[in-house]
Amino acid sequence: MVLDAIIERLSSPFIWIPLLFACVSILNSRITARKTTPKGLPWIGKSSGLFAETRAHISSFNNVRQWLGEGYKKYSQNGKTYIFPDFSGKPEVILPASEMRWLLDQPDSVLSVSELHDDILAGPYAFTDAHILKDPFHEHVIHKSLARRISPLIMDVWDEVGCALDDTWGTDTENWKEVCVFENMMNVIARISNRVFVGLPLCRNETYLKSMGAFAQDVMTTTILIRFVPKLLTPLFGRLFAIQNHLHHRQGAALSLPIIKERLANIRRKASDPGFLWEEPNDYLTWHIRLAQKENKLEELEPERISRRLLPINFAAIHTTVFTITNCLFDLLSPQAVKSTAETPMDVIRMEAQSNYFLAGGTWSKESLAHLTHSDSAVRESMRVSNFLTRGLLRKVVAKDGVENKKGGWRLPYGAYVGVDVHSIQHDDEIYENAAAFDAFRFARAREEEYSSDGSSTGGQTEKKSSLESKKLSLSTTSGTFLPFGHGRHACPGRFLVSHELKMLLTYATMHYEIEQLDTRPPNTWFGQHVIPDMKATIRVRRRKAEDIRL
Ligand code: HEM
């Protein structure tokens, strides 16, 4: 009787289709993962018995924090490589810090970051055109242009920071306003980033900004869903899952395409008619067109293609920066922050901002922003201690025969994922004193000590050297012990914008607003391999009176 009932249930297509799908998915992920898992390396979190690897992958979701700690102590600190399971069924090979140089020295034809992005971000589907991530020309544009062209944009970024905060935090000097930090920063950062990508007025268009934010969300959803689909069925399901992505792209492109077409026409006209009175805007669109022309990349001059390139740069820029500033505000306003001065960290940032801003005549430049060593340190320290990515420098092995590490005595097969444990390195007490604590001015103090101990003695050459040493601890400088932007030739090229925009954001906020200290820091949540700040937590702000802004 019971058997009959079970058979009857299973014969319903609503039961057997999903069941079959789930079985094929698990089998598929096991077969493909096994091919790319190196043999002979130890695992963390894997017990013995039936389906040990599969069980490790599934339970990794809730155990990332604990297993990273164990793996770091047992293997990384002893110079050993090990395998970390992942919920997707695709394990990652975690190298010790001593092998980081080996990883960074491998050419892109052996360890590839773009192939990894194409894989984990469902490149063939999620970005609306398979070409976008396969050939990341937008990354090439950002690498080539952003650091060089950012200085003349500093006052535009300052203008956008000010307008975005005035619009959303308000200008009422009497009453406090409660602001949900994550939601607010999603709007503010999208505006600032797009001031640099597409300029005014599009960077303030709510429909355009919403389409970019929604698209980024779609990419995350598509990426998660596609991991559970057997390879054979991905062309079908990939397209289905990405329907929303296409809709959001169309919504954004309806607004960006006229601007792109006009820009192309103006650039071409200026080239043939030097007397044409038109000043070329300094933004991503111009950098893209100019580089495509220079390198004769005709397909990159198609307006439709350019509109699609705006998708991955918004994706790369917005959530990353929003998580960073959300964490930074929570860290700075937290009573748990290490107190190294009589004032609160926010007071120190405000005083530094005011003196440098007014000393420079009410303006910012690359040079005057470089003097904001305390806000620079606060953002860097928050990125160190409140990192949202736990693993970094992730690469995919793309050499057909795999890659060998002679020193370690192991070989990674084609398709394996390899990286380092950023979280544990940045929380290691042997590298950072009292590493678990947020000490806002840790790097500012270190820079001051460096400068006074070297620079004061002899001057001249030594002073030059100590200034360079000091820059090594600045927000945009990556190292083997500071990895939130990656490291090496693929280190995030957007960090030069991030460094300016977040310092100006803290500066504008503290100069123009009182911001209430928090009773307790809103806790971050470990979600698989990510550490997410509280997306609902609020702060209270009140506009300062005009006479308080300039003391
Ligand atoms: C706080 C904000 C940001 C964080 C934490 C961040 C972090 C990262 C990380 C970890 C990587 C990978 C590096 C590696 O694998 O070695 C990366 C790559 C990249 N980021 Fe960012 N990023 C941020 C903001 C931005 C912004 C604003 C832009 C654009 C203006 C941007 C553009 C890129 C690009 C194009 C790459 C690919 C570089 C390559 O593969 O050569 N990022 N970022």
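These exercises work through a predicted model of a protein chain with a ligand.

**Exercise 1. The chain as a whole**

Task: State how many helices and strands the protein chain has, and what share of its residues is buried.

Solution: Start with the elements. The protein chain has 23 helices and 12 strands. Next, take burial. Of the 551 residues in the chain, 41% are buried. Residues 24 or more positions apart make up 73% of them.

**Exercise 2. Around the ligand**

Task: Find which helix gives the most residues to the shell around the ligand.

Solution: First list the elements that supply at least two residues each. They are helix 8 (137-149), helix 15 (303-333), strand 5 (391-397) and helix 22 (495-512). Helix 15 gives the most, with 6 residues. Now look at the residues themselves. The shell holds 23 residues, and A317, T320, G486, C492 and G494 come nearest to the ligand. Sort the shell by class. It has 14 nonpolar, 8 polar and 1 charged residues.

**Exercise 3. Strand 2 and its partners**

Task: Work out which strands pair with strand 2, and in what sense.

Solution: Take strand 1 (residues 82-84). It pairs with strand 2 in the antiparallel sense, over 3 bridges. In this pair, F84 has E92 of strand 2 as its bridge partner. Now take strand 8 (residues 417-421). Strand 2 pairs with strand 8 in the parallel sense, over 4 bridges. Here the bridge partner of I94 is G419 in strand 8. Finally, check the faces of strand 2 (residues 92-95). E92 and I94 are buried on one side, and V93 and L95 are buried on the other. Both faces are therefore covered.

**Exercise 4. Helix 22**

Solution: Begin with the span. Then count burial.

**Exercise 5. The setting of F61**

Task: Decide whether F61 counts as buried, partly exposed or exposed.

Solution: Locate F61 in helix 3 (residues 52-74). Count its C-beta neighbours inside 10 Å: there are 15. A buried residue needs 20 or more, and an exposed one has 12 or fewer. F61 therefore counts as partly exposed. Next, find its contacts. Leaving out residues up to four places away in sequence, F61 touches F87 and G528. Finally, compare sequence with space. F61 and F527 are 466 residues apart in sequence, but their C-alpha atoms are 7.2 Å apart.

Methods
Residues are numbered from 1 along each chain as its sequence is written. This is a predicted model: local features need pLDDT of at least 70, side-chain atom pairs count only at pLDDT 80 or more; totals for chains, interfaces and linings use all residues. A residue is near a molecule or strand if its C-beta atom, placed from the backbone, lies within 6 Å of it. Ala, Val, Leu, Ile, Met, Phe, Trp, Tyr, Cys and Pro count as nonpolar, Asp, Glu, Lys and Arg as charged, and the others, Gly among them, as polar. Two residues are in contact if their C-beta atoms, placed from the backbone, lie within 7 Å. Two strands pair if DSSP finds at least two bridges between them.
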